[in-house]
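Visitor: I would like to learn how to read the packing in a model such as this one. Please take one feature at a time.

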Amino acid sequence: MAHSSKNILAAKAWPFEEAKKIIARFQDKTPAKGYVLFETGYGPSGLPHIGTFGEVVRTSMVRQAFQAMSSLPTKLITFSDDMDGLRKVPTNIPNQSMVAEHLGKPLTSIPDPFGKYESFGHHNNAMLRQFLDHFGFEYDFQSSTECYKRGLFDQALLKLLEHYDEIMAVMLPNLGQERQQTYSPFLPISPKTGKVLQVPILEFHPKKGTLVYQDEDGSKIESPVTGGHCKLQWKPDWAMRWYALEVDYEMSGKDLIPSVKLANDICKILGGKPPEGFNYELFLDQNGEKISKSKGNGLSVEEWLSYAPQESLALFMFTKPKTAKRLYFDVIPKNVDDYFVYLEKYHNQNEEEQLENPIWHIHKGNPPLDTQVPLSFSILLNLVSVCNSDDKTLLWGFISRYIPNANAQTYPALDKLLNHAVLYYRDFVQPFKNYRTPTAEEQIALKDLVSELKKLPVNADSEMIQTQIYTIGKKYTSDLRGWFQSLYEILLGQDQGPRLGSFFALYGLEETIKLIQQILNGQSLMDQTMLEMPTTVAMKGK
């Protein structure tokens, strides 16, 4: 439904800026096909991955921004290039030797190695749909094989044959000299072997709608370009699809900018209008290298969702899409905490501010009211760390003392976050903890800190505790940042951490004092295990 709000039209968040490009494209005139078409593409030779999620969620954000600004109908299609010939056997599937016998054939002509579907392509398409359905995306699925065989691309293919020389003139300068000798935008499907052939085209006949090529056995074959007898190389195929389906918006990675330009040129030759586009930056692994399915570097959707809520991943995709970002485990805690900070802010913002808030885009302008969490993910990680325990009863004991009547039933969102924190700590924090012994000067300061903490009331809030930590730091050093880092290294075994006043209030004043005294007595925290439930009175402050 269209929004008349001036705030909507003035919104600056990047999905709204993209939506404005589409509005300018149509000026509120409904396209002849009856709707504005958004598209995302998928190569089904492997399973859906985090890049697939990123492209669909970002495109969906632009679509919903457009829907908020315009009354024109919309459709999002997820297109599967399942007629591509399989070039190599994936290493993560069963029955690899069987699949190897069908190399070169379209994915939808290869038996399903999992034995569940009509073909390998159908299996991977089903995995894609399950993947997208799991996240609640609204989309229409399109199969390349079906579009080719049902004749949906026939008119476009004949048009491409008619402009064969012009399209070759666009493509050849972008190919190596050897590739130029054999290149053709058309890839015939051999009637004898069923393989997708990369062979020179000996003759082409636009009026007849046919071409002549040499099959693998040396025989010459004249074949129609329609009806699924041929498919196109991927760049001309992309352009042909834009033309045939009248795609209005499609985004792609920065690495495909040259390919987008080629596809735009070919689409115009066919008489079409290229879609509006958006080029996002690529994800980097922990070493700053581009993530790759074949390398297996980076992070998978499944891994992220083991350690954090889905919304935090959507936030990662929303934030700065034109900036290259590290996609690794260490980015998870910040995105989780940022999500809940944005969510808390959203409910106290005016409409103009809400439209710029990532929460509007993550939740389609209708965020939940009941998933606020009173403790950050970072605080939970440090609670698990200091307790050195995955016993949720023990952990909830600390939390319920800090937040009266808090438990898994009264705070289900916090309970889920605690599950994530336990798993994340086990896999990514605990193995890298490195406690250090305090220096002689630090021991003096810690003793003084203990003395001052003992003077506080047992129910001292986080601000009172933070003030004492700050005061002791100022007393012994001018480098307050170094003072807090020292506390993190000595107490938590890491070089950074939460706001200590808040954490000590959660952990408990008595337990905090005991913890510092253990260190002063020369006891190692590496093997510490908390065995007792906290017994001091509930803390009221945060």
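Guide: The model is predicted. For helix H14, the cover over the buried residues includes helix H12 (301-307), H13, helix H15 (351-356), helix H16 (358-362), helix H17 (377-387) and helix H19 (412-429).

Visitor: Which residues of H14 are buried?

Guide: They are Ile332, Pro333, Asn335, Val336, Asp337, Tyr339, Phe340, Leu343 and Tyr346. Buried here means under 20% relative accessible area.

Visitor: What span should H14 have at 1.5 Å a residue?

Guide: The 15 residues of helix H14 (residues 332-346) should span 21 Å, and the end C-alpha atoms are 21 Å apart, which agrees. Helix H20 (residues 440-455) can be read in that way too: with 16 residues, H20 reaches 24 Å from its first C-alpha to its last, close to the 22 Å expected.

Visitor: What do the buried residues of H20 pack against?

Guide: They pack against helix H21 (462-476), helix H22 (480-492) and helix H24 (509-520). Among the buried residues of H20 are Leu446, Leu449, Val450 and Leu453, but also Glu442, Asp448 and Glu452.

Visitor: How should I read a nonpolar core?

Guide: In soluble globular proteins, nonpolar side chains tend to be buried together. In this model the largest nonpolar core has 115 residues, and Phe16, Ile332 and Ile399 have the most contacts inside it. Helix H3 (residues 50-69) supplies the largest share of this core, 10 residues. A second, separate core of 44 residues includes Leu161, Met171, Trp238 and Ala263.

Visitor: Which residues does isoleucine 399 touch, not counting residues up to four places away in sequence?

Guide: Isoleucine 399 touches Leu375, Leu380, Leu383, Ala406, Leu414, Leu418 and Leu506.

Visitor: How many aromatic pairs does the structure hold?

Guide: There are 28 aromatic pairs. One of them joins phenylalanine 283 and phenylalanine 316, with 5.7 Å centre to centre and 40 degrees between the planes, so the pair is tilted. Phenylalanine 283 lies in strand E11 (residues 283-284) and phenylalanine 316 in helix H13 (residues 310-318), so the pair ties together parts that are 33 residues apart in sequence.

Visitor: Where do charged ends sit over rings?

Guide: Look at the distance from the charged end to the ring centre. For arginine 129 over the ring of phenylalanine 141 the distance is 4.8 Å, and for lysine 322 over the ring of phenylalanine 278 it is 4.5 Å.

Visitor: How do I compare separation along the chain with separation in space?

Guide: Put the two values side by side. Arginine 426 and serine 385 are 41 residues apart along the chain, with their C-alpha atoms separated by 8.9 Å. Aspartate 133 and leucine 103 are 30 residues apart in sequence and 30 Å apart in space, C-alpha to C-alpha.

Visitor: What surrounds arginine 426?

Guide: Arginine 426 is found in helix H19 and is partly exposed, with a relative accessible area of 46%. Its side chain makes a polar contact with the side chain of aspartate 427 at 2.8 Å. Aspartate 133, in helix H5 (residues 120-134), also counts as partly exposed, at 48% relative accessibility.

How values were computed. Residues are numbered from 1 along each chain as its sequence is written. This is a predicted model: local features need pLDDT of at least 70, side-chain atom pairs count only at pLDDT 80 or more; totals for chains, interfaces and linings use all residues. Side-chain values use heavy atoms; hydrogens and water are left out. Helices (H or I, at least four residues) and strands (E, at least two) are DSSP runs, numbered from the N terminus. The expected span of a helix is 1.5 Å times one less than its number of residues. Buried means under 20% relative accessible area, exposed over 50%, partly exposed in between (1.4 Å probe, protein chains only). Contact means heavy atoms within 4.5 Å. Rings of Phe, Tyr and Trp (its six-membered ring) pair if their centres lie within 6.5 Å; planes under 30 degrees apart count as stacked, over 60 as edge-to-face and the rest as tilted. A charge sits over a ring if NZ of Lys or CZ of Arg is within 6 Å of the ring centre and within 35 degrees of the ring normal. A nonpolar core is a set of buried Ala, Val, Leu, Ile, Met, Phe, Trp, Tyr and Cys residues joined through side-chain atoms within 4.5 Å. A polar contact is a pair of N or O atoms within 3.5 Å; within protein, one must be able to donate a hydrogen and the other to accept it, and residues adjacent in sequence count only if both atoms are side-chain atoms.
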